[in-house]
Amino acid sequence: MSDLAVKKALITGGGSGVGAEMAQMLAAQGMQVVIAGRNKEALGKIAALHDAIIPIVADVTDQASMINLFDEMVKQFGDPDVVIANAGMATSAPFGKTTLDSWQETIDVNLTGTFHTFQQSLRVMDKAKPGRLIAIASTAGLKGYGYVAPYCAAKHGVVGLVKALAAELAGSAITVNAVCPGFTDTPMLAHSIANIAQKTGMSIDDARSSLARINPQNRFITPREVAQTVLWLCQQGAGSMTGQAISVSGGKYENG
């Protein structure tokens, strides 16, 4: 795509799901892509799909690990000009049965992980060049869902962080946006469906259908649709898009 504003990308959570899809799509458009995550084997499988994808093991919850990740990328390829904070996780439980450990882990991965990713990005990025900071949030950052209070809290925090950072960087050439998918057909969704089936006695198919119906189009979002949205944000024509929470959800958005 000739009108891309950026050439070098770093994607956290790049070993599966949406992260892997984004890595392949951006690499196919001629970008150099570093994928990061905790699972070396998973990262290696995605990197093997394209010569322009390079894996680096890192943990978004650990500041020292993230400092090392960005230092290693700069050393090998130069500073990134698009950074995608994609690493995430979710568990489900009634609020009264949510453990402190589960709460903390969800906040650490989804929200603090985005904080570390963006803070280290800005340490090495050139603010005079076009740049993109993109958080993969969720419709759970736009509205509330029952039984996933920590995830909703974390993703609302991600959207707030994006809006604050966009205002702070408005005088630079770097934009900051959140992409907020609805239920997306990924391994994380499969885990959630299995959890619902186990706790409710529903079949896997019925559990899938119950979640798919939340989307007015009666289907799940695909990783490719999320990746296409990210690709659009990387174009020159998206240079004035900043501070936005873009819902990719088949029309399911309620503010509240």
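Author: Helices (H or I, at least four residues) and strands (E, at least two) are DSSP runs, numbered from the N terminus. The model is predicted, so that local features need pLDDT of at least 70 and side-chain atom pairs count only at pLDDT 80 or more, while totals for chains, interfaces and linings use all residues. Residues are numbered from 1 along each chain as its sequence is written, and side-chain values use heavy atoms, with hydrogens and water left out. In this chain there are eight helices and seven strands. Leu142 is placed in the loop between β5 and α5 (149–168).

Reader: Is Leu142 buried or exposed?

Author: A residue is buried under 20% relative accessible area, exposed over 50%, and partly exposed in between (1.4 Å probe, protein chains only). Leu142 is buried because its relative accessible area is 12%. Its C-alpha atom is separated by 11 Å from that of Val248, 106 residues apart along the chain. Of the 256 residues of the chain, 49% count as buried.

Reader: Which residues touch the most other members of the largest nonpolar core?

Author: A nonpolar core is a set of buried Ala, Val, Leu, Ile, Met, Phe, Trp, Tyr and Cys residues joined through side-chain atoms within 4.5 Å. Here the largest has 33 residues, and Val33 and Ile84 touch the most other members. Helix α1 gives the most to this core, with seven residues.

Reader: With which residues is Ile84 in contact?

Author: Contact means heavy atoms within 4.5 Å. Neighbours within four places in sequence left aside, Ile84 contacts Leu10, Ile11, Thr12, Met22, Leu26, Ile134, Ile136 and Val230.

Reader: How do helices α3 and α4 pack?

Author: Two packed helices are described by the angle between their axes and the distance between the axes. Axes are lines fitted to C-alpha atoms, for helices over the stretch in contact, and angles run from 0 to 180 degrees between N-to-C directions. For α3 (residues 63–77) and α4 (residues 100–124), the angle is about 40° and the axes are 10 Å apart. Among the residues making the contact are Phe70 of α3 and His116 of α4.

Reader: What radius of gyration does the chain have?

Author: The radius of gyration is taken over C-alpha atoms, and the globule rule is 2.2 Å times the number of residues to the power 0.38. The chain has 17 Å, which agrees with a compact globule because one of 256 residues would have a value near 18 Å.
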